[in-house]
Amino acid sequence: RDGASAHQLEAAVEAVLSGPRVVEIHRGEGLLGTSYYTTPRIWEMEQEVLAAARRGSAAGAGVVSEDALARVLADHRYLSEEQVEMVRRITTGGERIVTVAARPGTGKTTALRAAREAWSEAGVHGIGVATARSASGELADAGVPSMSITSLLIRCDEARGRGNVPLPRDVVLLVDESSPTPPTAHAR
């Protein structure tokens, strides 16, 4: 009863959506079309990640030979076509950044186990990280040694402080649930 009227509420929402604190990323069409918004800070971070992905599209990162991949996939014949495609993409595509998105329970961890084996056969080491240490458990289930992003950043800073390379060239970094990762981790 002490709240705003529908007109006042609509005006307040319109003021926020048209102001500098919100970025429209998709305008829905029609009466039921949904529009999507984000904050300028998140929009800038997303643009940085996309630019890094474009720059690294032919980086030759984490590449496994077709022969090595075929040997590993022969040991994992139970993988679905989608899982095999995921393993193939992340182990032979050579992109510096590859995203994998699928619903829970679709077999990402199972497929990742095969990818880890292929990388291992090629002499590439996987390190798993997640925003929360507990979230790195799925990566550990795939046989990937895992830690929190904070722990990795501390280790990298310590290695730099000793004059060492923070991460060797033969390392693939697997980031679980990267969307909640703090901006400071993306910046490094």
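Predicted model: local features only at pLDDT ≥ 70, side-chain atom pairs only at ≥ 80, totals over all residues.

Residues are numbered from 1 along each chain as its sequence is written, and side-chain values use heavy atoms, with hydrogens and water left out.

Okay, helices. Two packed helices are described by the angle between their axes and the distance between the axes. Helices here are DSSP runs of H or I, at least four residues, numbered from the N terminus. Axes are lines fitted to C-alpha atoms over the stretch in contact, and angles run from 0 to 180 degrees between N-to-C directions.

Let's start with H3, residues 66-74, and H5, residues 108-121: they pack at about 140 degrees, with axes 9 Å apart. H3 and H5 are therefore oblique to each other; for the labels, under 35 degrees is roughly parallel, over 145 roughly antiparallel, 65 to 115 roughly perpendicular, and the rest oblique. On the H3 side the touching residues are Ala-68, Leu-69, Arg-71 and Val-72, and on the H5 side Ala-114, Glu-117, Ala-118 and Glu-121, where contact means heavy atoms within 4.5 Å. That contact has five nonpolar, no polar and three charged residues. Nonpolar means Ala, Val, Leu, Ile, Met, Phe, Trp, Tyr, Cys and Pro, charged means Asp, Glu, Lys and Arg, and the others, Gly among them, are polar.

What about H4 and H5, at what angle do they pack? About 40 degrees, again with axes 9 Å apart, so H4 and H5 are oblique to each other. From H4, the residues in this contact include Met-86 and Ile-90, and from H5 they include Leu-112 and Trp-119. By class, the contact of H4 with H5 divides into nine nonpolar, three polar and one charged.

Last pair: H3 and H4 pack at about 150 degrees, axes 11 Å apart, which means H3 is roughly antiparallel to H4. Here Glu-66, Leu-69 and Leu-73 of H3 meet Val-84, Val-87, Arg-88, Thr-91 and Thr-92 of H4.

Finally, the second largest pocket. Its lining has six nonpolar, four polar and four charged residues. The largest share, six residues, comes from H4, residues 81-92.

That's it from me, happy to take questions.

Conventions: Helix = DSSP H or I, 4+ residues; strand = E, 2+ residues; numbered from the N terminus.
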